[in-house]
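Here's a quick tour for someone meeting this structure for the first time. Have a look at it below, and then we'll walk through a few spots.

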Amino acid sequence: MFDWQQRFSKLLWSISGRLLVVMLLTSLLPMGAVVLYNQSKSSLMMEDAEIQALKLLAIGKARSLDQLINDVLSDASLVAEDYEIQRFLRDAIDSPSNHASIQSLLRSVNNLSHTYNDVILLTREGRSIEATDPDLIGDDYSQTELWQQGIQENNFVSTVKIKSTIADEPVFVVFQRIRDNNQRLLGAVLLTLRAAAIKNIITYLVPDIRGESFLIDRHGLMLSSTNPNINLHSLEPLSEPVIRSYFLFVPPQPIPTLSDRSNKRLRDVIFGSNRPGTLAYSENDDRRPDHVLAYAPLARKQAAVVVSVRLQEFLAPLNALAMRGLVSLLFVGGGVILISLVVAQSITRPIRAIATAARNLKNDQFDASVLTPYTHSQDDMGELAQTFLEMALEVEHRHHQLQQQLSELKIEIDQEKRKKAVAEITETDYFQTLRDRAHALRQQAKSATTHPSAQDNEHQSQEAPNHES
């Protein structure tokens with residue numbers, strides 16, 4: 001463990017490690033901060049854009065429904081203002097009149113748009129007197145909620161009738177009062193709108209938005225939805241009077257409740273505001289939000305269009321943006337690290353070569369080929385390598401000179417030592433005596449060589465006394 005720490009510390013405090021740290025601190029960290037800042041800003045902008053897209057889709061659907069209803073109301077007004085219709089209803093008060101022309105007129109109105117299911121004329125007592133479908137003639141609407149609410153207003157758009165004698169499928173009903181020039185009530189005209197016409201608008205979703213859209217009324221009933229499993233289901237249990245309002249001339253039946261979407265707050269928020277908005281909510285109240293929805297009330301406020309997207313799908317573009325930012329940061333960071341390592345290596349290789357050359361020079365093993373590859377560079381490191389090479393060669397040259405001088409000095413010192421030793425020997429009394437005796441002997445030998453007869457006589461004279469004695 002200690003060895004690993006030493007290696008790591010050595011690597012960290014090496015030139016490569018320091019350059020890498022400097023590059024990271026001066027480039028990667030500021031760039032990372034900028035990327036994160038831009039990422040957060042871009043995420044907020046994209047989130048706002050996604051929310052605006054949801055809101056615009058909901059508003060567009062609501063406006064399309066408003067336009068459809070306005071077109072129906074315009075057709076209903078044309079029927080109510082028609083002189084033949086008014087005369088027919090006025091005459092019906094006293095005595096029946098010919099229905100053929102009126103029925104033809106109602107059929108022509110019904111054929112104006114494929115969205116209509118039937119057109120029905122009601123007397124001022126609330127009884128149907130003429131209709132495009134003869135089976136609908138004779139029904140008494142006077143006790144229905146449709147008549148009681150519609151007769152109080154000039155026109156009225158009823159919520160969907162789940163089951164009725166009007167049609168086998170759910171329909172929307174437009175109620176228009178008919179008055180004469182003296183504002184005397186003559187009756188009313190009913191235009192039943194096919195549920196498919198509403199559904200075509202509600203179920204349309206742009207390709208970029210994968211979610212569900214539905215039309216919800218004030219009671220929390222899903223009038224139309226892209227999800228058939230929740231169509232004509234309520235957010236919460238409905239009261240008996242409310243349930244009866246969805247049925248016309250047939251006994252009321254239970255309306256299923258979406259227990260997993262039982263959220264009263266959702267309905268309160270949608271209809272508590274007169275303006276489009278957005279909301280994050282959960283299918284279960286005890287959990288964190290898992291859906292994002294945008295809502296837009298209809299002009300008459302009797303219903304609202306809602307576009308709902310799961311939070312995971314809503315955040316998918318934001319997560320993709322974050323992932324691209326992270327990949328870009330990692331890519332640039334990897335590039336910065338790679339460049340740092342390349343730059344560090346370009347600096348540390350000459351330095352290592354110089355350090356190796358210095359060690360070799362110290363051990364008297366200098367090799368110029370270690371530095372030669374780096375002396376050709378025109379940068380500062382090349383200049384440093386060239387200078388160190390020249391210095392090393394000069395040091396090596398001087399080292400050889402010193403060695404030679406040292407050898408010569410050794411020789412001189414040895415000679416002096418020998419002279420000193422000889423001097424110490426020759427200066428003794430014994431050596432002086434020996435030298436004197438040797439000198440005398442040399443002199444005698446020389447003299448003997450020069451006068452041999454005298455030497456013989458002297459020898460004989462020395463021998464004669466010996467004989468006499």
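Which strands each supply at least two residues of the lining of the largest cavity? They are E3 (155-161) and E5 (171-179), strands being DSSP runs of at least two residues, numbered from the N terminus. This is a predicted model, where local features need pLDDT of at least 70, side-chain atom pairs count only at pLDDT 80 or more, and totals for chains, interfaces and linings use all residues. Residues are numbered from 1 along each chain as its sequence is written, and side-chain values use heavy atoms, with hydrogens and water left out.

**The cavity**

Searching the whole structure turns up one cavity of 30 Å³ or more. A cavity here is a set of points on a 1 Å grid where a 1.4 Å probe fits but cannot get out, and lining residues have an atom within 4 Å of a point. The largest cavity has a volume of about 110 Å³. Of its 14 lining residues, Ile69, Val157, Ser158, Phe172 and Gln302 lie nearest the centre. The lining is made up of eleven nonpolar residues, three polar and no charged.

Most residues other than glycine have a negative phi.

Notes
1 Å grid on protein atoms, 1.4 Å probe; cavity = no way out; pocket = protein on both sides within 12 Å on 5 of 7 lines; lining within 4 Å. Points joined across faces, edges and corners; volume = space filled by probe spheres on them. Helix = DSSP H or I, 4+ residues; strand = E, 2+ residues; numbered from the N terminus. Nonpolar A, V, L, I, M, F, W, Y, C, P; charged D, E, K, R; others polar.
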